[in-house]
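Please look at the chain below before reading on, and keep it in view while the report goes through it part by part. The headings name the topic of each part.

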Amino acid sequence: MGIVLKQSLNNTLITYFGFGLGAINQLFLYTNFLKAEYFGLVTFLLSASLILMPLVTFGVQNTLVKYYSSFTKPQHIDSFLTLMLLLPLAVVLPFLGVTYFAHDAIAGFLSETNAIVDKYVWYIFLMGLSLAYFEIFYAWARVHLKSVFGNFMKEIFTRAGTMFLLILVAYDVITVAVFLKAMVALQILRVIIMKLYAFHLRRPKFDFHWPEKTKSILIYSALIVLGGSAAVVLLEIDKVMLNQFISIENVAYYGIATYIAIVIIVPSRSMHQITYPMTAALINKNDMPGLKTLYQKSSLTLFIASGIIFLLIILNLNELYVLLPEAYGGGYTVVVIIGLVKVYDSVLGNNNSILYNSDYYKAVLVMGVMLAIITILLNLYFIPKYGIDGAAFASFIAFFIYNSIKLLYVRKKFGMLPFTTNSLKVLLLLIGTAMCFYFINFSFHPIVNIILKSVPMVLIYMFLLYRLNISEDVNAVINKFIGKHWQGGSLGN
């Protein structure tokens, strides 16, 4: 097994396991062991830190990956890595100064509606800084083709640590105030461990003779800052802005609803680890027929997967909410709206990979910045009127516009769309499946009810997919599974 395939498999397993830990934390531990106001505070602090993170990194994690292989001489590599370590300080130091001297003004603004936020401005800065340098050291490891340990630290370490801390809160070993401090300490510990691992792979030798490509490196980093910031704003700004208009408990309710919906893009995250380098290779070879095939196949496969996950969530949502504290049960509309956004994201297949690996990435960055501004304006309008549902409406409109623009842009520049007649067949199959199972309900324990509805739904869906031969890739996987199962049964007999 090659190094790329082996690490891709390991990373996929780690991602799924980490997401499972996150689901336990979000759906059961936070909701039962922290009051809603503190859960909302945690959600707000993390979202605000994530928004700060791409600004602090100054795009270094992407720049490292893009330019590292272009340097061959050790002294040039050392000067490049020195620049990568020091460049974020150009942003960190001004942020540090602003946070120190304008602390009261920032705290007053953020706590205007929710006074509980007032004491935690420094938490945002420290976690944002930790998240930023973690991504830098993770990229440092990836350029040396060592991604598994970093992915473990990214997906599992903090979630497992958070689970442990929440259990300590549940047994009154620590207070909530200590939990919040420990949450920041966990982020700092993670970046220290990642730094030690990265420097173990290649210890930096500081060389202040800047590399010849410094100008292009700085321009690329600045552009990536815009793109990265816009992307994070699109994903996280709703949780931050909810804090400015309504009580912070609602941030927790909204966070739970969006986390449920995010399950839909787990297959997409796994597939993009594989399709991203494949897309880059096809574009570099100017293989447009191959690119179109990959575009349409990735779209169809992700539509098949995201579509059934969406149905499983929506048709079992009432049962799922029974398992949660009653206060969290008002997010049904949010789950549906954000779920539709995630399905649309998935249906685009490797659209992002096509744009970011082409000569048109600058246009995408401009689109992202414009949509981030529109998202903020939409949230300003909808949240005061409709609360958490308004935040979901704003996200839906912004992502619908953004995804549609990217779809049309690829159509114009590359002459291809991700949809085929099989996409229509999947849509009809999903509608038919929803109509058949919508009115089926049981009166047992919610977990039993979910299993009794979900298992036949998935089996019938997969059977019809197979019989109709909608996707060659899906049929190949099913045939392989059936072949192994049959062979195992025959050998056993």
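## Aromatic rings

In this predicted model, one aromatic cluster is formed by Tyr30, Phe39, Phe179, Tyr253 and Tyr328. Counted over the model, the aromatic pairs come to 22, and two of them are described here.

A pair of aromatic rings is described by the distance of the centres and the angle of the planes. Phenylalanine 134 and tyrosine 138 form a pair that is tilted, with 5.9 Å from centre to centre and 35° between the planes. Here both residues, phenylalanine 134 and tyrosine 138, lie in helix 7 (residues 121-142), four residues apart, which is about one turn of the helix. Phenylalanine 134 is buried, and tyrosine 138 is buried as well.

## Nonpolar cores

Which residues have the most contacts inside the largest nonpolar core? They are Phe179 and Ile260, and the core to which they belong has 88 residues. Helix 13 gives the largest share of this core, namely 10 residues. Apart from this core lies another one of 41 residues, which includes Leu81, Val92, Tyr133 and Met153.

Phenylalanine 179, which is also a member of the aromatic cluster, is in contact with Tyr30, Leu34, Val42, Thr162, Leu165, Leu166, Val169 and Ile174, if neighbours within four places in sequence are left aside.

## Helix 15 and its partners

Helix 13 (residues 288-315) packs against helix 15 (residues 332-347) at an angle of about 170°, and their axes are 8 Å apart. Since angles over 145 degrees count as roughly antiparallel, helix 13 is described as roughly antiparallel to helix 15. On the side of helix 13 the contact is made by Ser299, Leu302, Phe303, Ser306, Phe310, Ile313 and Ile314, while helix 15 brings Tyr332, Val335, Val336, Gly339, Leu340, Val343, Ser346 and Val347. Sorted by class, the residues of this contact between helix 13 and helix 15 are 11 nonpolar, four polar and no charged.

Helix 15 also packs with helix 18 (residues 388-414), at an angle of about 10° and with the axes 9 Å apart. Because angles under 35 degrees count as roughly parallel, helix 15 is described as roughly parallel to helix 18. Among the residues of helix 15 that take part are Thr333, Val334, Ile337 and Asp345, and among those that they meet in helix 18 are Ile388, Asp389, Phe396 and Leu407. The contact of helix 15 with helix 18 has 13 nonpolar, four polar and two charged residues.

## A buried lysine and an exposed phenylalanine

Is lysine 239 buried or exposed? Lysine 239, which lies in helix 10, has a relative accessibility of 11% and therefore counts as buried, the cut-off for buried being under 20%. Without counting residues up to four places away in sequence, lysine 239 touches Thr43, Phe44, Ser47, Val251, Tyr254 and Thr258.

Phenylalanine 208 is found in the loop between helix 9 (176-201) and helix 10 (214-245). With a relative accessibility of 53%, phenylalanine 208 counts as exposed, because the cut-off for exposed is over 50%. Once neighbours within four places in sequence are left aside, phenylalanine 208 is in contact with Thr82 and Leu86. From phenylalanine 208 to isoleucine 309 there are 101 residues in sequence and 52 Å in space, C-alpha to C-alpha.

## Two loop residues with positive phi

Most residues other than glycine have a negative phi, and most peptide bonds are trans. In phenylalanine 58, however, phi is near 55°, a positive value in a residue other than glycine. Phenylalanine 58 sits in the loop between helix 2 (36-57) and helix 3 (60-67), and at 22% relative accessibility phenylalanine 58 counts as partly exposed.

Asparagine 469 has a phi near 50°, which is again a positive value in a residue other than glycine. The loop between helix 20 (446-468) and helix 21 (472-492) holds asparagine 469, and its relative accessibility of 47% places asparagine 469 in the partly exposed class.

Definitions and conventions:
Residues numbered from 1 in each chain as written. Predicted model: local features only at pLDDT ≥ 70, side-chain atom pairs only at ≥ 80, totals over all residues. Heavy atoms only, no water. Axes fitted to C-alpha atoms, helices over the stretch in contact; angles between N-to-C directions. Parallel < 35°, antiparallel > 145°, perpendicular 65-115°, else oblique. Contact = heavy atoms within 4.5 Å. Nonpolar A, V, L, I, M, F, W, Y, C, P; charged D, E, K, R; others polar. Core = buried A, V, L, I, M, F, W, Y, C linked by side-chain atoms within 4.5 Å. Buried < 20%, exposed > 50% of the residue type's maximum accessible area, 1.4 Å probe, protein only. Phe/Tyr/Trp six-rings, centres within 6.5 Å; stacked < 30°, edge-to-face > 60°.
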